[in-house]
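Thanks for asking me to look this one over. My notes follow as numbered points, with the cut-offs spelled out along the way.

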Amino acid sequence: MTAPRKPGSGMWYTFRSNRVAQAGSAILLFALVAIVLVRLFSPYDPNDKDYMSILLGPSLEHPFGTDSFGQDVLTRVAYGAQVSLLISVAGLVLGGLVGTVIGMASGFWGGVFDTVTMRFTELLYSFPTYVLALCLMLLLGYGSRSVSLAIALVYVPNFARLARSMTSATRAENYVTAARLMGQSPARILLREILPNIAAPLLVQFSAGLGFGIIMEAGLSFVGLGVQPPTPSLGVMMADGKDYFQKGPWVLTLTGFSVAWIILGLNLLGDGLRDALDPRLRRRLS
Amino acid sequence: MNLLLYFGAKVLGALAMLVVGAGVVFLLMHAVPGDAAMAALGDAASPDAVASFRAEHHLNDPLAQQFWDWARAALTGDLGKSISLAGGFSTSALIAGSLPNTLFVGGFALVIAIAISLVAGSIAASRHGRMEDVLATSGAIVTISMPDFWLGYMLVLVFSLGLGWFPAYGFVRPSESLAGAFHSGFLPALAIAVPMAGIFSRMLRTTLLETFRRAYVVSAHAMGFGRSFIFWHYVFRNALIPYVTAIGLQARYLLGGVVVIERVFGVPGVGSVMVDAAFARDYGVVQGCAVVFLVIVIATNLLVDALCGLLDPRRAA
């Protein structure tokens, strides 16, 4: 007699048979291992200035070269990736939480609240991403916290719409009606019955959003309106690299390449997750 | 008639959105910490100078009054004066000088992105699961993963510093020389267009594949129509609706990209003006630029609605 499969193992099975998700995880794992190894074994400190070795091209001692302060670019990328990723995660978690709560509430109860929140998301959708971010930066001051908030603000409408449409579709399901007839409170129904069933697409949105959050941090810091030096975020390093792009193109090139590498991993993982979690879509497309 | 009603309702909705959006921008810019008078005159300004500046710019009026005055002037094309630039340039003049450049680069990028995605998306879908599909799909996800401003510098590295085909920096206004504008605007437009094309072609591929499976397409096959006839007469037009909608939804990302790319290539567009104004804490100009961007996005969405209404007359019914 075979043991019953544990709940959730179907997801793991589809993940294992999904090449795209595997490629994404492999790329991310490589980045993660590289970051950890560099941070453990790099002989340089990210803020060690060495004026004897300014703007050296990539070599064995400095695989990514050095910047205009003689700092080792690879070491700085390993530290900067953590800063940028944390900013993006913080923004996505905040935007995801607020958006999901708003979306689930308006999908569940509907009515005037629903109309108002949907108009509100439409309004947020009408601002170009960086314009919204820039106004917020002026209001809150530059820095990592404001960048996170800007990313959150850009992603609130995305999560709100997704959560709303999924919730209003789930509301009519039999198990929700059953829970209601059993006298469960709306909060309990939303948390215990609906949320687990709409979590998958939200997770996909989160994973896809992480990559865009990193791009947005990089873009804002690149223009000079985001994270401020000396905090070594990837965007700050790229902004620095653009100032001497002709003399030392490797700083901007290799930092940006690392950014693209991480985002590629996140995007592949997001695509794979979407396919694995949405069998309807997969069946239709296979 | 129905079509007219449909568009009329859309236009009214867009106008309401514009008014509320402008109000939000106005409130945001007035909630900014720090005094506008101090920002303009410097910290060492005498209390008298600050008081007269406040009176001159009506900063003591109630907020609602200020918004009403500003909105009424904005409707006549007057967005106030810059406080940071010597001589107090009018915001409208700054925007009038820079908007054509932004629209040119943005429009150029949109055309390139649509052209690439139509070809790549159609090929990927019609050769589903084969070599061409794998190539187009992987190409799309790689391009989506690149920050556009980094891509801009990589293009500069290859096509300007390496091959010398295009200028690395600077932009010729379309009003001066159209050929020069195309030449100097090509790299910035391409940098914005390539990631966009990735998003668009993925969208087109998915909707095409879904349409291939529709019953009417299957029955068209059963009736013995040729493959290309079915593609153009049954599949393509129906797949265009989600595709056009997706393009409309990307307007805010497209314009966001323009803001950063303008800095990379030194295009004197609205984004550049806005970033400069943000550095100078010139809130009036930031506010004017934000409203202009708002107008562009809302107008784009209106255009998309109109296009979708034309592609699918059932919407207006």
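1. Let me start with a term: a salt bridge here is a side-chain nitrogen of Lys or Arg within 4 Å of a carboxyl oxygen of Asp or Glu. By that rule, domain 1 and domain 2 of chain B share 1 salt bridge. The side chains of B:Asp305 and B:Lys10 meet in a salt bridge at 3.8 Å, N to O.

2. Some ground rules before going on. This is a predicted model, in which local features need pLDDT of at least 70 and side-chain atom pairs count only at pLDDT 80 or more, while totals for chains, interfaces and linings use all residues. Residues are numbered from 1 along each chain as its sequence is written, chains are lettered from A and ligands numbered from 1 in the order in which they are written, and side-chain values use heavy atoms, with hydrogens and water left out.

3. Back to chain B and its domains. The assignment, which is automatic or taken from a database, gives domain 1 as 2-91 and domain 2 as 98-316. Taken over C-alpha atoms, the two domain centres of chain B are 32 Å apart. In terms of contact (heavy atoms within 4.5 Å), 24 residues of domain 1 of chain B meet 21 residues of domain 2 of chain B.

4. How much area do domain 1 and domain 2 of chain B bury between them? The figure is about 2000 Å², with 76% of it on carbon and sulfur atoms; buried area is the accessible area (1.4 Å probe) that two parts lose on being put together, summed over both. B:Tyr6, B:Leu18 and B:Met29 supply 25% of what domain 1 of chain B buries against domain 2 of chain B, more than any other three residues.

5. Helix α1 (residues 2-31) of chain B gives 15 residues, the largest share of the side of domain 1 that touches domain 2. That side divides into 17 nonpolar, 6 polar and 1 charged residues, where Ala, Val, Leu, Ile, Met, Phe, Trp, Tyr, Cys and Pro count as nonpolar, Asp, Glu, Lys and Arg as charged, and the others, Gly among them, as polar.

6. Next, the chain A fold. Chain A has 11 helices and 0 strands; these are DSSP runs numbered from the N terminus, helices being H or I with at least four residues and strands E with at least two. The C-alpha atoms of chain A fill a box of roughly 75 × 60 × 30 Å along the principal axes. Of its 286 residues, 53% count as buried, meaning under 20% relative accessible area, against over 50% for exposed and in between for partly exposed (1.4 Å probe, protein chains only).

7. Now the interface between the chains. Chain A puts 47 residues into the contact and chain B 50 residues, and together chain A and chain B bury about 4300 Å², 76% of it on carbon and sulfur atoms. The rule finds 1 salt bridge across this interface, in which the side chains of A:Asp271 and B:Arg202 meet at 2.8 Å, N to O. There are also 4 residue pairs in polar contact between chain A and chain B, both residues at pLDDT 80 or more. On the side of chain A that touches chain B, α10(A) gives the largest share, 13 residues. By class, that side of chain A has 31 nonpolar, 10 polar and 6 charged residues.

8. Is A:Thr129 buried or exposed? A:Thr129 counts as buried because its relative accessible area is 0%. Beyond neighbours within four places in sequence, A:Thr129 is in contact with residues of both chains, including A:Val154, A:Phe212, B:Arg252 and B:Tyr253.

9. Finally, A:Phe108 sits in helix α3 (residues 73-109) of chain A and is buried, at 9% relative accessible area. Not counting residues up to four places away in sequence, A:Phe108 touches A:Thr167, A:Arg171 and A:Arg180, among others.

How values were computed:
Polar contact = N/O pair within 3.5 Å; in protein donor to acceptor, adjacent residues only side chain to side chain.
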